[in-house]
Amino acid sequence: MCGIVGVVSNAPVNQLIYDALLLLQHRGQDAAGIVTQQERKFFMHKAKGMVRDVFRTRNMRSLPGNCGLGQVRYPTAGNAFSEEEAQPFYVNAPFGIVLVHNGNLTNAHALKSELFSTDHRHINTESDSEVLLNVLAHEIEKTTRGLPLQPRDVFAAVRNVHLRVKGSYAVIALIAGHGVLAFRDPFGIRPLCLGKSQDTVVLASESVALEGTSHQFVRNVDPGEAIFIDLQGQVHAQQCAQSPTLKPCIFEFVYLARPDSVMDGISVYQARLNLGESLAKRVISTVPPNEIDVVIPIPESSRPSAAQLAQLLGLPYREGFVKNRYVGRTFIMPGQAVRKKSVRQKLNVIASEFKGRNVLLVDDSIVRGTTSKEIVQMARDAGARKVYMASAAPPVRFPNVYGIDMPTSSELVAHNRTVEQIREIIGCDALIYQDVEGMKKAIGSLNGRLDGFDASCFDGVYVTGDINANDIARLNAGRLGTDEADQDNSRLALPNFQD
């Protein structure tokens, strides 16, 4: 999962891209990069770390120009610890192209072989984004044949990219001396939207990056669609996929996106309220409301669901955990013992909300179960009489191959286990999950124009239709590199929107 932004303006764009990346920081905290263009020359700065740490005043001064791209990275393929794999990526021919990418290619290995043997292009990293850039560059070179670049040539190239590339991809590319190109995979798995102000056109992963920089949201980029913005700010658009269908990743609405974003016509906040309403019905069938004294969310993204659930059940809603925003994220800890310690450093209980009470803890999802187990124990240590756990999402039973760093099947607490077996592992007195159809209905009811969702981590149905058990094993084998400390990156621990 990553956050991307592209800008064409008649004024310098470095500060605007920086501000937009801050608003997308929740989509990736491992690396950040910005590239700008002035007089056909690219100026780039990228490094590991968060936006505020990567870019200093001297870096911003070295990024002149009126158009550019930016990305915040959460690595799901390649080497997580390599500075070289921070984006944007650059290739010098044709024209000179830089690219940022959110998603994950499922056929990157085969494409890499094609690029070497057929297209005669060299890939220097393990990143699927560099593969995608070279496929795009090769197809643009074929459509132009040395002629001046026209929007129709760009669209023809994207049509060929769709034919070759499989998986999820939202892409923004800057073509030197010509403009900015954006396109989305034919299923619209990863998000991308378009915004404008009087003199600026902006593309971004989420609408919050537009609104937060004083730009008006225009529309979402359709699945399979390509948008080309020339250097004068003229927007050209064309559908480039043969059979596009809108099936966005449902985990965006469950957890990944900011609640103040609207994606594919759906308010993320309202989606989470609806999940809470649907979950309330599941709670009633498992634990009578009169046996619950208080509803407590596990910060942050479960709050809307927990509040809605509490209101519908007529139960008090309380904040029982306080989050320390200045401790390292748990997934970078080198061992299980350190991770356990880190959970307690990151969350602290308000003991008075637990002592002598039957508490219902609400989380957005349960992936590996390690953190859930520790939180249940923290509630018991604070004096809770009984601890019930409810998940606004269904059991995560399958790996994700479309750009979310889900663990392998063996590391998922719900894989090949019953709810009762999961409950015993987590240690709660009752465990209530959202059901898959209830989740799809709760979110899908907010936009009848959707063709469905990619909910593969919940139902095992991969919408691109090209994934089998061998593919999953291969993709997981290359999911992340390791560094000298052999860091543990196995559990999903995506940054929360307020981290």
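**Close-up views of a predicted model**

**View 1. The loop around Pro-94.** Pro-94 sits in the loop that runs between strand E5 (89–91) and strand E6 (97–105); helices (H or I, at least four residues) and strands (E, at least two) are DSSP runs, numbered from the N terminus. This is a predicted model, where local features need pLDDT of at least 70, side-chain atom pairs count only at pLDDT 80 or more, and totals for chains, interfaces and linings use all residues. Residues are numbered from 1 along each chain as its sequence is written, and side-chain values use heavy atoms, with hydrogens and water left out. Look at the link from Ala-93 to Pro-94: that peptide bond is cis, with omega near -5°. Phe-95, in the loop between E5 and E6 too, has a positive phi of about 70° even though it isn't a glycine. Most residues other than glycine have a negative phi, and most peptide bonds are trans. Phe-95 counts as partly exposed because its relative accessibility is 32%; buried means under 20% relative accessible area, exposed over 50%, and partly exposed in between (1.4 Å probe, protein chains only).

**View 2. His-120 between two helices.** Here's His-120, in the loop between helix H4 (108–117) and helix H5 (128–144). His-120 has a positive phi as well, near 60°, and is a residue other than glycine. Its relative accessibility is 67%, so His-120 counts as exposed.

**View 3. Ile-292 and its contacts.** Ile-292 belongs to the loop between helix H9 (268–284) and strand E16 (294–297). Skip the neighbours within four places in sequence, and Ile-292 is in contact with Val-283, Val-287, Leu-315, Asn-358, Leu-360 and Tyr-388; contact means heavy atoms within 4.5 Å. Take Leu-315: 23 residues separate it from Ile-292 in sequence, while their C-alpha atoms are 7.7 Å apart in space.

**View 4. The cis bond at Glu-300.** Glu-300 is in the loop between E16 and helix H10 (303–313). The peptide bond joining Pro-299 and Glu-300 is cis, with omega about 5°.

**View 5. Helix H12, end to end.** H12 covers residues 370–381, and at 1.5 Å a residue its 12 residues should span 16 Å; the end C-alpha atoms are 17 Å apart, which agrees. That expected span is 1.5 Å times one less than the number of residues. The buried residues of H12 are Thr-370, Thr-371, Ser-372, Glu-374, Ile-375, Val-376, Met-378 and Ala-379. After H12 comes Gly-383, with a positive phi near 105°.
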